[in-house]
Amino acid sequence: MTAATQDSAISPPARKPSRLARLRVDYAAIQENWRFFKKRAPSAAVAAVVKADAYGLGAVGAARALAQAGARTFFTATLAEAQIARRALGEGPQIFVLNGPSEADAAEYGEAKLIPVLNSLAQIKLWGGRGPAALHIDTGMNRLGIGPEELPHAAVALKGAGLSLLMSHLACSSDLKHAMNAVQLQRFKDAATLFPKAPLSLSATGGTLIGPDYHFDLVRVGIGLYGSGGLDADNPALAAAATLDAPILQVRDVEAGEAFGYGATFTAPKKMRTATVALGYADGYLRSLSGRGYGVLGGGKRPILGRISMDLIIIDVTGCAEAQPGAMVEFLGPNAPLDDIAALAGTASYEILTTLAGTVRKTGARA
Ligand SMILES: *Cc1c(COP(=O)(O)O)cnc(C)c1O
């Protein structure tokens, strides 16, 4: 939020919610999804990943709901996120920081009992055994973590330090059948022999769904809690944690041959009724959904016509009696599933959620 909008003297008058797009977070759905993963991995701790403000859905609300459902371990990407999670959760739960400590912030972990994930020999040295830590080993993603040739050095450097967790991360687990999964599994098992006492964690959402071989002591579930991830037809759908809807501003009857929106990229092939909706890419609704996405109204999918504008979308509401000014159209939620919208946008569900974050107003049952 900019300084200008925080200043009550110059902020615009509050508008009626019915004129705005809104993102609603269903914390009960997040809890239901956590229980789904707990059933899938009954022998493991199911940790909740709440980085990036719980994938845009609000870390404080999500973390509290997840703790209530039974989560005892949490992961954030950054120290600042972990400090917020600690304030939300109180003393009990374990909170790991995936990016690990830097020179500037290593001293701050202790105050809030946060556990860094050490991702390099440099971070091991920097941490210097000043408290509990996790070790991240790279088994093929080449992103973060100790590489195979550095492993023996890490084992020596950490000797006697008592790791809270030994973890790695799968590169391809959104495809449950990808050959890379088994390769990384074997490398992880081999590396773990160097750290015989450490609890083990390999899998995020995708790996958890592959099966018990991938569960070890703890799984780190993120996107699955928020309603998406690697589910094939045999798996029940996860509950939708986020619902985006937006109001119709105008309804128009148009003749065949009329064109719509910037670039006139869509022309009516016949007489049509259209609705202009108060949602656009400024709300984080991706412009790549132009001519591809849909809203749901009156029990039917209403295709997006032409280009998405900054604050407006045009949809086809021909034959839809519910299409009236003020009616709310669902663009993401139980009837417009996250994975479906992500596929139409040509991106990942992760990006759909985090792009909506902070741009659409969020309201939730327990914000
Ligand atoms: C983001 C992340 C997770 C969670 O991944 P999902 O696919 O959202 O379940 C787990 N572990 C690490 C290291 C991550 O970066």
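Trainee: Where is Leu238 found?

Mentor: Leu238 sits in the loop between strand S9 (218-221) and strand S10 (242-254). Helices (H or I, at least four residues) and strands (E, at least two) are DSSP runs, numbered from the N terminus. Keep in mind that this is a predicted model: local features need pLDDT of at least 70, side-chain atom pairs count only at pLDDT 80 or more, and totals for chains, interfaces and linings use all residues. Residues are numbered from 1 along each chain as its sequence is written, and side-chain values use heavy atoms, with hydrogens and water left out.

Trainee: Is Leu238 buried or exposed?

Mentor: Leu238 counts as buried, at 11% relative accessibility. Buried means under 20% relative accessible area, exposed over 50%, and partly exposed in between, with a 1.4 Å probe and protein chains only.

Trainee: How far apart are Leu238 and Gly224 in space?

Mentor: Their C-alpha atoms are 7.3 Å apart. In sequence, 14 residues separate them.

Trainee: Let's zoom out. How many helices and strands are in the chain?

Mentor: The chain has 11 helices and 18 strands. Its C-alpha atoms fill a box of roughly 75 × 55 × 35 Å along the principal axes. Of its 367 residues, 51% count as buried.

Trainee: Which domains does the assignment give?

Mentor: Domain 1 (27-226) and domain 2 (242-336). Those bounds come from an automatic or database domain assignment. The C-alpha centres of the two domains lie 41 Å apart.

Trainee: What about the core? Which residues touch the most other members?

Mentor: In the largest nonpolar core, of 111 residues, they are Leu66, Phe74, Leu135, Leu166, Tyr226 and Phe331. Helix H4 (residues 59-69) gives the most to this core, with 7 residues. Domain 1 and domain 2 both give residues to this core, so it lies between them. A nonpolar core is a set of buried Ala, Val, Leu, Ile, Met, Phe, Trp, Tyr and Cys residues joined through side-chain atoms within 4.5 Å.

Trainee: Pick Leu166. What does Leu166 touch?

Mentor: Its contacts include Leu135, Ile137, Phe188, Phe195 and Leu200, not counting residues up to four places away in sequence. Contact means heavy atoms within 4.5 Å.

Trainee: Back to H4. How many of its residues are buried?

Mentor: In H4, 8 of the 11 residues are buried, so the helix is largely enclosed by the rest of the structure. Among them are Ala59, Gly61, Leu66 and Ala69.

Trainee: What covers the buried residues of H4?

Mentor: The cover includes helix H2 (27-40), strand S2 (45-49), helix H3 (51-55), strand S3 (73-76) and helix H5 (79-89). Just after H4, Gly70 takes a positive phi of about 135°.

Trainee: New topic, sheets. In what order do the 8 strands of the open sheet come?

Mentor: The order is S8-S7-S6-S5-S4-S3-S2-S9, with parallel pairing. The edge strands are strand S8 (200-201) and S9, and each pairs on one side only. Two strands pair if DSSP finds at least two bridges between them.

Trainee: Take S5. How many bridges join S4 to S5?

Mentor: 2 bridges join strand S4 (residues 94-97) to S5. Val97 stands opposite Pro116 in S5. S5 also pairs in the parallel sense with strand S6 (residues 134-136), over 2 bridges. There, Val117 stands opposite Ala134.

Trainee: Which faces of S5 are covered?

Mentor: Both faces of S5 (residues 115-118) are. Ile115 and Val117 are buried on one side, Pro116 and Leu118 on the other. In a regular strand the side chains alternate between the two faces of the sheet.

Trainee: What do S5, helix H6 and S6 make?

Mentor: With H6 (residues 121-127), they make a right-handed β-α-β unit. A crossover is right-handed if, with the strands pointing away from the viewer, the path from the first strand over the helix to the second runs clockwise.

Trainee: And S13 with S16, parallel or antiparallel?

Mentor: Antiparallel, with 4 bridges joining strand S13 (residues 272-277) to S16. The bridge partner of Thr274 is Asp316.

Trainee: Last one. How many disulfides does a search of the whole structure find?

Mentor: The search finds 0. A disulfide here is a pair of cysteine sulfur atoms within 2.5 Å. Cys172 is buried, with a relative accessible area of 18%. Cys320 is buried too, at 4%.
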